[in-house]
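Dear colleague,

I am passing on the structure we talked about, and below it I have set down what was found in it. Please read the notes with the model open beside you.

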Amino acid sequence: PPPPAPPPPPPSSDFVDWRKSELLGLLDYVVDDVVGARGPLGTNAIVRALTGGSGDMALNLSASLPAVSIAVPGVATIMLQLGELRISGLDAISELQLLTADETDATALESAAKMPVLNASVGISVRVQPRRANAAETVLPLELRASLRAVDVHAAITLALNGTGLASFKPAQYVNPACIAQEVAIAAVASLGASARLGGLSVSRQDHVATFTAPHDLLLDLPASLTKRLLGKANTYLASALAQMRQGGCAPAPPAPSPSPLPRSSDYVDWRESVAIKLIDFVTEDAVASFGGLPAVVDALTGDTGAVSLNLSALIPANAVSVAIGDVARVGVDFGMLTLSGLESLRTLSPLDADATDGVVLTSAAHMDTLNASLTLHVRVTTEAQTASQTATASQLPVSAEQRAGKEKAASVVTLLPLTLAADLASVGMRAAMRLALNQSSLNSLQLRQLVNSSCLAHTLVLAQLTKLELGASVRALSVRGDKGEAASLALPHALTLSIPRSLETWIVGSP
């Protein structure tokens, strides 16, 4: 009989409707379009990088599966032990769809993958121990090979999340697994299936090969009993993982720190009366206006391009951002050139303004109508080869001299996947405030040459503390392009407003 379906979630209008989720739409764009089978960071390219360019994967089944004993009464005992399973063709995924909303069910998500060809081989050790006294054991090493076509794997899960609970989260709680787990009403694999057509089958032992070729492709489906067992194991694992995640704490982000106490004094510089602040206001308002306004100044500074470029590789070390994928590989990001264009749309710029209510507070603000950002980077995938004799391909970095010494020493194979990210932003704004207390008497005692000496000025400083930082923008479109011209673009139905998380602002302004 077919495996029982998971119980439907209790009726509720409060569950997240995945069909209307902007976050899921953005995730689908990243997974299906950017990382998809035909995307700029294609699944097949990732598979080749993770497998050292081969597209093959090997698993030692003897370590996880026990030997099977078959007794032939009065004759012999036969032991079957599976050895290495090798799968090739994993870099030929033709279709990939992950976590796509089901149009008929608000809490259902579907995933599927298709491959035109998949080849598999497994080593089998057959040990025959006759019942006769003093009879020697016979060992028959065999290899079973299968060629599959039209491989189709699909699954559906039910994920019911409490929408009201999620909406009440503080920013830091969205990245806290314990918080997310507490809002999960149901998480279960609802269905699982796989099918393929058997193109050929062969069994070999040394130079002897027995081959079976079907007159037509034989359709193979995942047996119902195995499907039921896999579903049970998957849902048991999900339940256990959720229970473990819920054991963690889910504290909201800490409140914004209170300003550091400032000793009482009437001798602080009052920025509302400062000539320096008035001079800055004159330059950024009157002088800029006489020059033609901020757009004209930006054009003059950028050679009429309205664009600036910054080489991030000089600021961020190579592979500074990386994560290990078990013992398989380490994936990192090498940042390249960041280009900002559209700076001529700068409409407001207030570098330093005195706060009307507090003489030691300075504020800054800027606003642009549009901004286009482009970033080049390389996704760096490092895998450990079996020996150092592997030859690096054109897209791989050469192994080091130390790695080439000795075939028994594993070599690092590094594959670089170049990408260009671009974003079309609107209504880009920044507001900041800081408390800057300088001792007026100490400042007045400085000579003219000391006023331009940072060490001398530092001696007059009583307090310098950032108290507010607000960054925001509306994202209108995103695109990712590979080195061969393949691109994935996403035009949002309406602008997605982004702002700096409160938890990050708290961390930035938390210390003087």
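Leu59 has Leu85, in strand E3, as its bridge partner. This pair belongs to the antiparallel pairing of strand E1 (residues 56-60) with strand E3 (residues 76-88), which extends over five bridges. Please keep in mind throughout that this is a predicted model.

Strand E2 (residues 68-72) runs antiparallel to E3 and is joined to it by five bridges, with Val68 standing opposite Leu80. The hairpin that E2 and E3 form has three residues between the strands, and in it Gly74 takes a positive phi near 75 degrees. E3 also pairs in the antiparallel sense with strand E5 (residues 105-130), this time over eleven bridges, and there Met79 has Arg127 of E5 as its bridge partner.

Just after H2, Gly52 takes a positive phi of about 70 degrees.

The structure holds nine salt bridges, and three of them are described here. Arg86 forms one with Glu84, where the closest N and O atoms are 3.9 Å apart; Arg86 is partly exposed, with a relative accessible area of 35%, and Glu84 is also partly exposed, at 43%. Arg145 forms another with Glu143, at 3.2 Å between the closest N and O atoms, and here Arg145 has a relative accessible area of 44%, while Glu143 has one of 27%. In the third, Arg347 and Asp369 bring their closest N and O atoms to 2.9 Å. That pair links distant parts of the chain, since Arg347 lies in strand E13 (residues 346-354) and Asp369 in strand E14, 22 residues apart. Arg347 is partly exposed, with a relative accessible area of 46%, and Asp369 counts as partly exposed at 35%.

How far can each part of the model be trusted? The mean pLDDT of the protein is 80, and 85% of its residues reach 70 or more. Confidence is highest in strand E10 (residues 307-311), at a mean of 93, and lowest in strand E15 (residues 396-397), at 38. Over residues 386-409 the pLDDT stays under 50, although the model has 35 contacts beyond four places in sequence for them. Where pLDDT is low, the predicted coordinates should not be read in detail.

With best wishes

Terms used: Residues numbered from 1 in each chain as written. Predicted model: local features only at pLDDT ≥ 70, side-chain atom pairs only at ≥ 80, totals over all residues. Heavy atoms only, no water. Helix = DSSP H or I, 4+ residues; strand = E, 2+ residues; numbered from the N terminus. pLDDT = per-residue confidence, 0-100. Contact = heavy atoms within 4.5 Å. Pairing = 2+ DSSP bridges. Salt bridge = Lys/Arg side-chain N within 4 Å of Asp/Glu carboxyl O. Buried < 20%, exposed > 50% of the residue type's maximum accessible area, 1.4 Å probe, protein only.
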